[in-house]
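Subject: Structure handover

Hello,

Here is the structure I promised to pass on. Please have it open while you read my notes below.

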Amino acid sequence: MSSTFSGDETAPFFGFLGAAAALGFSCMGAAYGTTKSGVGVASMGVMRPELVMKSIVPVVMAGVLGIYGLIIAVIISTGINPKAKSYYLFDGYAHLSSGLACGLAGLSAGMAIGIVGDAGVSRFGKFVEIQFDKHGRI
Amino acid sequence: MSGAIVIGASGSWARAMLKISPYTFSAIGIAVAIGVSVLGAAWGIYITGSSLIGAAIKAPRITSKNLISVIFCEAVAIYGVIVAIILQTKLESVPSLQIYAPESLRAGYAIFASGLIVGFANLVCGLCVGIIGSSCALSDAQNSTLFVKILVIEIFGSALGLFGVIVGIIMSAQATWPSKV
């Protein structure tokens, strides 16, 4: 019986979709950041292996984006409980927009981390190499 | 009982969506969970495998160590299988009067979203691990001290699939069907 369900019937669809968007898009951003900077680290590491451990910082920062998406997705999905608290379309749309906000911000942050990390680690490798040139060539 | 308000559909799109059976949504969610995860795993394996085999022509010593990258991609497919089996055990039969009750609809939406989460998180994880694995094989062929360092990056990448599984399982706990009266 629907005596304990309170709220709009279609609202949980939007709420759960918000949680899915939060994690899905953040994971896409984290994956892009990890991939792009990781490929840069691998190609730089062939010439200067001693700098690889320092260059893993962009990868760690991109991984943190996945954790942000995980937190928001769990908060949203435990907040959808129409039996305990009424869940109207307003709540459903609020959860959808918060999930999209977290997810799309994570996606853009991950893409930025990837592109900057890739450029940064390859310049990092080249910079140290040029500095050690014997004839003082800069 | 008092104070519980159930609002039905207010527009034509909502009325149409309320006529879709929750079992449709659940089935699509379970299919996406396993199908898209396996797509991600396969994509990663072919990216890694082709680089690995090509690099092993000149450096055959890399083959046995770099199979770890293939195993990381395969783990993504296994996460998809596990979650699909868990989601399919959450399906219960309800009496036909209750199929379109709000609680059953909510359970259907929860399984759908859980399947979407797991599928797409594993897709991007498989791609990420595959591309990093291919770089790992190529740089290992040039300098064997790099293997363990690039493997650390792959471990960060494979954590993304685990996040998807965790959230998928937490969300599937929301899939409670109305009890048979």
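First, a term you will need: a salt bridge is a side-chain nitrogen of Lys or Arg within 4 Å of a carboxyl oxygen of Asp or Glu. By that rule, 1 salt bridge crosses the interface of chain A and chain B.

Some ground rules next. This is a predicted model, where local features need pLDDT of at least 70, side-chain atom pairs count only at pLDDT 80 or more, and totals for chains, interfaces and linings use all residues. Residues are numbered from 1 along each chain as its sequence is written, chains are lettered from A and ligands numbered from 1 in the order in which they are written, and side-chain values use heavy atoms, with hydrogens and water left out.

**Where the chains meet**

How many residues of chain A are in contact with chain B? The count is 48 residues of chain A, against 48 residues of chain B. Contact here means heavy atoms within 4.5 Å. The two chains bury about 4,200 Å² between them, and 77% of it is on carbon and sulfur atoms. Buried area is the accessible area (1.4 Å probe) that two parts lose on being put together, summed over both. Glu9(A), Phe13(A) and Phe16(A) supply 16% of the area that chain A buries against chain B, more than any other three residues.

Polar contacts are also counted. Such a contact is a pair of N or O atoms within 3.5 Å; within protein, one must be able to donate a hydrogen and the other to accept it, and residues adjacent in sequence count only if both atoms are side-chain atoms. Between chain A and chain B, 2 residue pairs are in polar contact, both at pLDDT 80 or more.

Which elements of chain A supply at least two residues each to the side that touches chain B? They are strand 1 (7-8), helix 1 (11-47) and helix 2 (57-79). Helices (H or I, at least four residues) and strands (E, at least two) are DSSP runs, numbered from the N terminus. Helix 1 of chain A gives the largest share of that side, 19 residues. Sorted by class, the side of chain A that touches chain B has 30 nonpolar, 15 polar and 3 charged residues. In this scheme Ala, Val, Leu, Ile, Met, Phe, Trp, Tyr, Cys and Pro count as nonpolar, Asp, Glu, Lys and Arg as charged, and the others, Gly among them, as polar.

Strand 1 of chain A pairs with strand 1 (residues 6-7) of chain B in the parallel sense, over 2 bridges. Two strands pair if DSSP finds at least two bridges between them. Asp8(A) has Ile7(B) as its bridge partner in strand 1 of chain B.

**The salt bridges**

Over all chains, the count comes to 4 salt bridges. One of them is between Lys83(A) and Glu103(B), at 3.5 Å from N to O. Lys83(A) lies in the loop between helix 2 and helix 3 (89-131) of chain A, and Glu103(B) in helix 4 (residues 102-142) of chain B, so the pair joins two chains. Buried means under 20% relative accessible area, exposed over 50%, and partly exposed in between (1.4 Å probe, protein chains only). Lys83(A) is partly exposed at 39%, while Glu103(B) is buried at 8%.

Another links Arg61(B) and Asp140(B), at 3.7 Å from N to O. Arg61(B) sits in the loop between helix 2 (22-55) and helix 3 (63-89) of chain B and Asp140(B) in helix 4 of chain B, so the pair ties together parts that are 79 residues apart in sequence. Arg61(B) is partly exposed at 44%. Asp140(B) is buried at 0%.

Glu50(A) and Arg48(A) form one as well, with the closest N and O atoms 2.7 Å apart. Arg48(A) is buried at 16%.

Val167(B) is found in helix 5 (residues 146-172) of chain B. Is Val167(B) buried or exposed? Val167(B) is buried, at 1% relative accessible area. Not counting residues up to four places away in sequence, Val167(B) touches Leu23(A), Leu70(A), Ala73(A), Val74(A) and Ile117(B).

Ser172(B) lies in helix 5 of chain B. Ser172(B) is buried at 2%. The side chain of Ser172(B) reaches the backbone oxygen of Ile169(B) at 2.9 Å.

Best wishes
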